[in-house]
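Trainee: I am new to this structure and would like a close look at one part of it. Could you pick a single strand and walk me through its surroundings?

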Amino acid sequence: MADRQALDILGIGNAIVDVVASATDATLAGWGMAKGSMALVDTDRAQAIHAAVGEGVQTGGGSAANTCAAAAALGAKVGYLGKVADDAPGQAFAEDLKKLGIHFPTKPLKGGSPTARCLILVTPDGQRTMNTYLGACVAFGEEDVDQAAVESAAVTYLEGYLFDPPAAQAAFRRAAGIAHGAGRQVAITLSDSFCVGRHKAAFLDFIARDADIVFANEDEARALFDAVDADAATQAFAATGKLVALTRSEKGSRIISPKQGVIEVPAVPTTLIDSTGAGDAYAAGFLAAHARGLPLAECGRWGSVAASEVISHFGARPQADLRRLVGA
């Protein structure tokens, strides 16, 4: 990591192994799950759900890690920080990132909780309902913020889900301080409307003081500002003076720029199979284009293309050649 800008993007997030399985609305109701939400579960519930739905498709996951994977597929130079255990899933997670050419310097947790997993139940309408056991993730703290990696990255990208583990918010602030001290930018994704509800004041404070770029979907934006609709949320975001990408599913996205105003970006049509990772892929496309210095409308188009590819199949990691799809 010796050269001054070794990385385009450094992601920091919950390092999670995803288990994706099909489910019916009746299954969700039977477990008392809120459809389309992310719930934190304990070991016992995680194991019971896992046993009930079967093995499913297992892949490296975690929101910021998914973004890193798609950004690397688009040719960006990428690093990632996140805590796994010194166990088989943790080793698989690390190998997964290395295969994609992603720098992953975080030391594994020894002798503590196992590697985190997210049980993603996908209903026939493509909606995903997530049950997350955080495991080793909660051990990620300030000492895991790799100073050299943050200083070398043009943008440090922070995952909103990391507001749940107690030590992680302090880690975020340390990372933001290092990034800004090195003249770099800090991006944050709000991750989930329920997560925003749990930590609204902390999110608003972080955006005001520490963020340069913000990613949010309509539900998250409305939750953050108690806004009645996307237009009200757009106005509230514009007042922050930050660069914001507001994703709106099939309505495309809205880029809110302090210098250029609001830019509308159309969605790329596809058949929705599984919405897992749509926002992660959008952020990857946007940031990979941003790293190349492309215009904001083009950053949004790259985001739309990447999101469209990811929702067209099971799993949150791209399967097609994203570089070809964006025409890079």
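Mentor: Happy to! Let us begin with a term: a residue counts as buried when its relative accessible area is under 20%. Please keep in mind that this is a predicted model.

With that in hand, look at strand β11, residues 243–247, where five of the five residues are buried. In a regular strand, the side chains alternate between the two faces of the sheet. For β11, Leu243, Ala245 and Thr247 sit on one side and Val244 and Leu246 on the other, and all of them are buried, so both faces of the strand are covered.

Now for the strands beside β11. Strands of a sheet pair through backbone hydrogen bonds, either parallel or antiparallel. Strand β10, residues 213–217, runs parallel to β11 and is joined to it by five bridges. Strand β12, residues 253–257, is antiparallel to β11, with four bridges between the two. Here valine 244 stands opposite isoleucine 256 in β12. β11 and β12 together form a hairpin, with five residues between the strands. In that turn, serine 249 has a positive phi of about 50°.

β11 belongs to an open sheet of eight strands with mixed pairing, in the order β5-β1-β8-β9-β10-β11-β12-β13. The edge strands are β5 and β13 (261–265), each of which pairs on one side only. From one strand to the next, the twist averages 20°.

Is valine 78 buried or exposed? Valine 78 is buried, because its relative accessible area is 3%, under the 20% cut-off. Leaving aside residues up to four places away in sequence, valine 78 touches Leu7, Ile9, Cys68, Ala71, Ala72, Gly101, Ile102 and His103. Alanine 48 is 30 residues from valine 78 along the chain, and the C-alpha atoms of the two are separated by 36 Å.

Next, the helices on this sheet. Helix α6 lies across β1 (7–12), β8 (153–159) and β9 (185–189), and runs at about 150° to β9. Helix α8 also packs on the sheet, touching β8, β9 and β10, and its direction makes about 155° with that of β9.

These helices meet each other as well. Two packed helices are described by the angle between their axes and the distance between the axes. The axes of α6 (residues 168–181) and α8 (residues 200–209) come within 12 Å and cross at roughly 5°. That angle makes α6 roughly parallel to α8. Gln169, Phe172, Arg173 and Ala176 of α6 make the contact with Ala202, Asp205, Phe206 and Arg209 of α8. The residues of this contact divide into four nonpolar, one polar and three charged.

In soluble globular proteins, nonpolar side chains tend to be buried together. Here the largest nonpolar core has 50 residues, and those with the most contacts inside it are Ile188, Leu190, Phe206 and Phe237. α6 gives the largest share of this core, seven residues. Isoleucine 188 touches, among others, Phe172, Phe206, Ile213, Val214 and Phe215, not counting residues up to four places away in sequence. There is also a second, separate core of 45 residues, which includes Ala64, Ala70, Val155 and Val305.

Finally, there is another sheet to find. This open sheet has five strands in the order β3-β7-β6-β2-β4, with mixed pairing. Its edge strands are β3 (38–40) and β4 (57–61), each pairing on one side only, and the twist averages 25° from one strand to the next. Within this sheet, seven bridges join β2 (residues 16–22) to β6 (residues 116–122), and the two strands run parallel. Valine 17 stands opposite arginine 117 in β6. Helix α2, residues 43–53, lies across β2, β4, β6 and β7 (128–133), at about 45° to β6.

To return to your strand: β11 has β10 running parallel to it and β12 running antiparallel, with both of its faces covered.

Terms used. Residues numbered from 1 in each chain as written. Predicted model: local features only at pLDDT ≥ 70, side-chain atom pairs only at ≥ 80, totals over all residues. Heavy atoms only, no water. Buried < 20%, exposed > 50% of the residue type's maximum accessible area, 1.4 Å probe, protein only. Pairing = 2+ DSSP bridges. Contact = heavy atoms within 4.5 Å. Axes fitted to C-alpha atoms, helices over the stretch in contact; angles between N-to-C directions. Parallel < 35°, antiparallel > 145°, perpendicular 65-115°, else oblique. Nonpolar A, V, L, I, M, F, W, Y, C, P; charged D, E, K, R; others polar. Core = buried A, V, L, I, M, F, W, Y, C linked by side-chain atoms within 4.5 Å.
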